[in-house]
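Work through the exercises below with the model open. Each task is followed by a stepwise solution.

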Amino acid sequence: MQKKRRVDSAHVSSQLIRRPIQKCFAIFLLPTFICFCIGFLWPFIQGIYLSFCNFNIPKDAKWVGLSNYAKAFKDASFVHAFWNTAAFAVISIVLINVLAFAIAYALTQKMRGSNIFRTVFFMPNLIGGVVLGYIWSMIFDAILKRYGTYLTANATYGFWGLVILVAWQQIGYMMIIYIAGLQSISDEMIEAARIDGASGSQVLFRVVIPNVMPSITICTFLTLTNSFKMFDQNMALTGGMPSVMMNGAKVNMTELLALNIYSTYNINKNWHGVAQAKAVLFFILVAALAIGQLVATRSKEVQQ
Amino acid sequence: MKKFLSLILTLALVLSLAAVASAEETGSVYYLNFKPEADQAWQDLAKVYTEQTGVEVKVVTAASGTYSDTLNSQMGNADSAPTIFNIGNASGITDWDDYALDLTDTAVFGERINDDYVLCNAEGTPKALGYCYESFGIIVNTALLEQAGHSLDEITNFDSLKAVADDIHARAGELGFDAFSAPGMDGSSSWRYSGHLANVPLYYEYKDKGLNVGSLPAEIEGTYLDNFRKIWDLYITDTAADPTSLSTGTGDQSEAEFGEGKAVFYQNGDWEYANLTGNFGMDPANLAMIPIYCGVDGEENAGLNSGTENCWAINSQAAPEDIQASEDFLYWVVTSEEGTNMLAEQFSGIPFKNAKPSINVFGADASEYAAAGKYTLFWAFNDTPNVDSWRATVVTALTAYSADPTDGNWDKVVEAFVDGWAYEYSVVNG
């Protein structure tokens, strides 16, 4: 089996086969590239343009310069949503990765039924965000009712409810990635460490974790971008409620950035451009954070 | 294969050219319908019109709650832009003024009975015409009311309503039903209170100040919020529902409670008629709608809350022949036998000269109150600035108050109502 695969790949990389493929690579690439342009690149460019415009529907856009950005920065609810999102991201990144790694570590030890557990832990990931949001709001409300309160009674419940929901949903997914990483560490290496007298925790921190750094890079990247882009769950679980008046301004206590952009758009046509400007700022923020994080964790990866 | 492909492409090209050519000759109508429950009736009516006149009428209904998104995307594309669309309120006029035809000289505009259901832009040009008005109040199961030893005649103001409700609530165990169906605060139900019930204090304040729908005041004072509290206290007290569980109570639960005969009173509007008589099999003879009393002086003369968010606007940027076709279609709807029959079957109040009486008993109640000289509470809540956001704040405060009805929590409701209004007004106009 192993041998046959090597023969196949040798065939593919032979000049005879590679040259014609290289010549007409454009044909293979073109359909996807066209889809990418239509579905991503063009809307993205149009989106940036619209963030400088006042518009109800895109074809009536009128150029207004930077005023949308000025309005976005002045909007207290946007700033509040930013800090909410930042806190949420930090907590959920740590929580999800630590728990996912711990479960993956436990399930790669030789134990009975580990396949069943892997399946069960992964399953929440298969349910859509909106459905999860509604299901969990019922669960939380049923529990909180025993204490004479409810989910949207204050910001704390809603915030931690969202953390629990997202952890429940994403731990299984990250666990699979960690399991793949853990399985790629050769038994010989761990055995060698043991023979050299390394303790259990030394094996974990000095051997296992450095060797799963690629998985950690991927998982922190995914959890970071997922938390910043969180929308469905946020909308379905609390919808940003409770909404309260604070110092003469209105604040949706559990609203994250994406939901804030969405509700900005719905105010009226003078806010469509502002929502668009917020979305551009949001993109820059997420891209910068994600690239920064990739650079930081990549540098810690070890060559195997 | 190549030949086959080119054949298909050529065919498609020819066909689309043909389609364009034929459409340009007569003009066609595309109606983007706002009311999902009336979709089938509109489709059927469109077919009849096409059979009679040969003019193509396309009716598309936006899924519930997505009308503005659908309208936005459809208008964005000149080929698919609707020729008739819905504008609900003053904020809709702000958004769509550039696209709404001046209706002054259209035939359908001349068929209206009065100006109560006309939406005008800032210059006073009529831009949208209400084609039906709706009424809401407290729906009563008169059979249960009699079973409890009371009658509708007893209820003429807040005190008499409270006396009846308190009595039923006190004897709920023995009677097997309670006074009010649950005032749920889930998103599917809370609009009945943050929107409709809130209209009562808003209306009385408007009336004192001589304002009208469309006045769009920057601030309100909340003069009648104590009355709002009175009726709200009644709702959350004289009900079988536990006040702390209201945050998740849905509209369906509340409707089922009433439909299954577990509650005598149910605050909602005449659009419930089809559901109550159809799905729940209630006898129309046992249904009535009474005004929402809240202890305001002279409220013995109150009628129902009537208004509309269903107004036709004609797309002024459509092709001239399509605009003409749309005007003709609407005129036919409000004057022809088929059209007026359909309106009478689907809607409760129809503000046109040739309107047939509606089959909806709640609509009949509304007309009866008006005929008896009672004042109608117009829909002041159509003026709510940034409406979803304002309501969310009121719902938050009202839910907290229901779970723990203290004066401190009521102050939060007042704050959400009054300060929230001023704040949202500044957002919308900022």
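**Exercise 1. Domain contact in chain B**

Task: Find how many residues of domain 1 of chain B are in contact with domain 2 of chain B.

Solution. 
- Start with the bounds, which come from an automatic or database domain assignment. Domain 1 of chain B covers 25-133 + 308-352, and domain 2 covers 135-305 + 368-428.
- Apply the contact rule: C-beta atoms, placed from the backbone, lie within 7 Å.
- Six residues of domain 1 of chain B then touch seven residues of domain 2 of chain B.
- Sort the domain 1 side by type. Ala, Val, Leu, Ile, Met, Phe, Trp, Tyr, Cys and Pro count as nonpolar; Asp, Glu, Lys and Arg as charged; the others, Gly among them, as polar. The side of domain 1 of chain B that touches domain 2 of chain B has one nonpolar, three polar and two charged residues.
- Finish with the spacing: the C-alpha centres of the two domains of chain B are 31 Å apart.

This is a predicted model, in which local features need pLDDT of at least 70 and side-chain atom pairs count only at pLDDT 80 or more, while totals for chains, interfaces and linings use all residues. Residues are numbered from 1 along each chain as its sequence is written, and chains are lettered from A and ligands numbered from 1 in the order in which they are written.

**Exercise 2. Overall form of the two chains**

Task: Compare the radius of gyration of each chain with that of a compact globule.

Solution. 
- The C-alpha trace of chain B spans about 80 × 50 × 50 Å. That of chain A spans about 65 × 65 × 30 Å.
- Now count burial. A residue is buried if 20 or more other C-beta atoms, placed from the backbone, lie within 10 Å of its own, exposed if 12 or fewer, and partly exposed in between. In chain B, 48% of the 430 residues are buried. In chain A, 31% of the 304 residues are buried.
- Close with secondary structure, taken as DSSP runs numbered from the N terminus: helices are H or I with at least four residues, strands are E with at least two. Chain A has 14 helices and four strands; chain B has 16 helices and twelve strands.

**Exercise 3. The interface, seen from chain A**

Task: Which element of chain A gives the most to the side that touches chain B?

Solution. 
- Count both sides: 24 residues come from chain A and 25 from chain B.
- Look for elements of chain A that supply at least two residues each. These are helix H7 (129-145), strand E3 (243-246) and strand E4 (249-252).
- E3(A) gives the most, with three residues.
- By type, the chain A side divides into ten nonpolar, nine polar and five charged residues.

**Exercise 4. A helix pair in chain A**

Task: At what angle do the axes of H4(A) and H14(A) cross?

Solution. 
- The axes of H4(A) (67-74) and H14(A) (272-298) come within 8 Å and cross at roughly 75 degrees.
- That makes H4(A) roughly perpendicular to H14(A), since the class covers 65 to 115 degrees.
- On H4(A), the contact residues are A:Asn68, A:Tyr69, A:Lys71 and A:Ala72. Those on H14(A) include A:Gly273, A:Val274 and A:Leu281.

**Exercise 5. Backbone details**

Task: Is B:Leu216 buried, exposed or partly exposed, and which is B:Asn386?

Solution. 
- B:Leu216 has a positive phi of about 50 degrees although it is not a glycine. Its loop lies between helix H8 (191-209) and helix H9 (225-237) of chain B.
- With 18 other C-beta atoms within 10 Å, B:Leu216 is partly exposed.
- B:Asn386 also has a positive phi, near 45 degrees. With 24 C-beta neighbours inside 10 Å, B:Asn386 is buried.
- One more check, in chain A: the peptide bond from A:Met241 to A:Pro242 is cis, with omega near -5 degrees.

Notes. Contact = placed C-beta atoms within 7 Å. Axes fitted to C-alpha atoms, helices over the stretch in contact; angles between N-to-C directions. Parallel < 35°, antiparallel > 145°, perpendicular 65-115°, else oblique. Rg over C-alpha atoms; globule rule 2.2 N^0.38 Å.
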